[in-house]
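Colleague: Could you give me a close look at one part of this model, with the cut-offs you use along the way?

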Amino acid sequence: MNVGITINGDPKYIFDDLEFCRQNGIKTVQLILGNGNPSLLFNDQMYGELQEFEYIFHTPFWFSFFSLKMKPKMKNYLLFLEKCWLPENGKPLKCVSHVGAYKHKMANVTRMRFALVSALSTFNPMMTSSNIELCLENTAGSMSSFSPETSDLDWISQKRIPWLGFCFDTEHAYAAGEDVNRLNYWNADIIHLNGIPPYVLRGGHLDRHSWTPLRKSKEVKFINKVIEYAEDKPLVLERYDHDVVLDDIEFLKNKCRISKNP
Ligand SMILES: [Zn+2]
C-alpha cells in the first residue's frame with residue numbers, strides 16, 4: 001500500500017512536514033501549491049529534500065480548462081515545473097489539477113466532455129514534449145454549472161492521451177451525487193482518499209474533507225473498496241492535522257494486516 005500525505009508547498013512549513021513523514025515511514029507526498037504564484041515557491045533546499053520521496057504536485061485552483069486564457073497559463077506552468085521540480089529519477093512528474101466549471105447557455109454533459117477534449121488537444125504539442133503527467137481530478141460539482149465527474153474523466157481516459165492521467169477523489173465523488181457503489185474509478189492513477197463528513201450530503205456539492213478521519217467516514221464500505229482496489233497506486237490523504245493523519249495511517253495498516261491474514 002502506497003500511502004501519501006498532503007503537505008503545504010510553502011517553504012515555511014515543508015521541512016517540518018517532511019520530517020514528520022520520515023518519522024512515520026511515509027514515502028509519498030503531495031505538495032499543495034495553492035496560490036498560483038510559482039516564483040514564490042522555488043527553493044533549492046526543498047528540491048533536495050524532496051528527492052528521497054515520491055512526490056506529486058497539486059495545483060487545485062490555478063486553472064479552468066474551459067477558459068480561453070488557459071493556453072499561456074499552461075505554458076508558464078510547464079516551464080515552472082520543468083525548471084524547478086522534475087524528479088531526478090527521470091520519471092514523469094505527476095501533477096493533479098481541478099478542471100474548472102463549464103459555463104455555456106446550452107451546457108450539458110456531452111458538450112462539456114467535448115469542450116474538455118478540445119481544450120486538452122490544444123495543449124498536446126507542449127505536453128508531449130514535457131515530462132509531466134497531468135492528472136485531472138473529479139469534481140464535487142456545483143448547482144449552477146457543469147464540471148467533470150468521475151464518469152466524465154473515465155470517458156476521457158479512454159481516449160488514451162499519453163500525458164493525461166486521472167485522479168479520483170472519494171469525497172468529491174460522493175458530494176457530486178455520484179452513486180459511489182457503481183462508480184468506475186479503475187482507470188485512476190492517483191487516489192485522494194478522503195473521509196466523507198456526516199454533514200456532506202450526496203449531491204450537496206460540498207467540497208469538505210480535511211478533518212474527517214477515515215474510520216468515521218460515511219460510506220466506509222465504499223472507502224474500504226477503494227483501498228482494496230488501489231494496490232500500489234498512491235493513496236493520498238488530504239488531511240492537514242497530524243493527529244488525523246496518524247489515525248488514518250493506523251486505519252490503513254489495519255486494513256493491510258486484515259487482507260494479509262484473512
Ligand atoms: Zn482531492
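Modeller: Happy to! A residue is buried if 20 or more other C-beta atoms lie within 10 Å of its own, exposed if 12 or fewer, and partly exposed in between, with C-beta atoms placed from the backbone. This is a predicted model, where local features need pLDDT of at least 70 and side-chain atom pairs count only at pLDDT 80 or more, while totals for chains, interfaces and linings use all residues. Residues are numbered from 1 along each chain as its sequence is written.

Let's look at the loop between strand E7 (190-192) and helix H8 (220-230), which holds His 205; helices (H or I, at least four residues) and strands (E, at least two) are DSSP runs, numbered from the N terminus. His 205 is not a glycine, yet has a positive phi of about 60°. His 205 counts as partly exposed because 17 C-beta neighbours lie inside 10 Å. Glu 219 belongs to the loop between E7 and H8 too. Here again a residue other than glycine takes a positive phi, near 55°. With 19 other C-beta atoms within 10 Å, Glu 219 is also partly exposed.

Met 112, Leu 116 and Ala 119 are buried in H4. They cover an arc of only 65° around the axis (taken from the directions from the helix axis to the C-beta atoms), so they sit on the same side of H4. Thr 110, Phe 114, Ser 118 and Ser 121 are exposed on the other side of H4.
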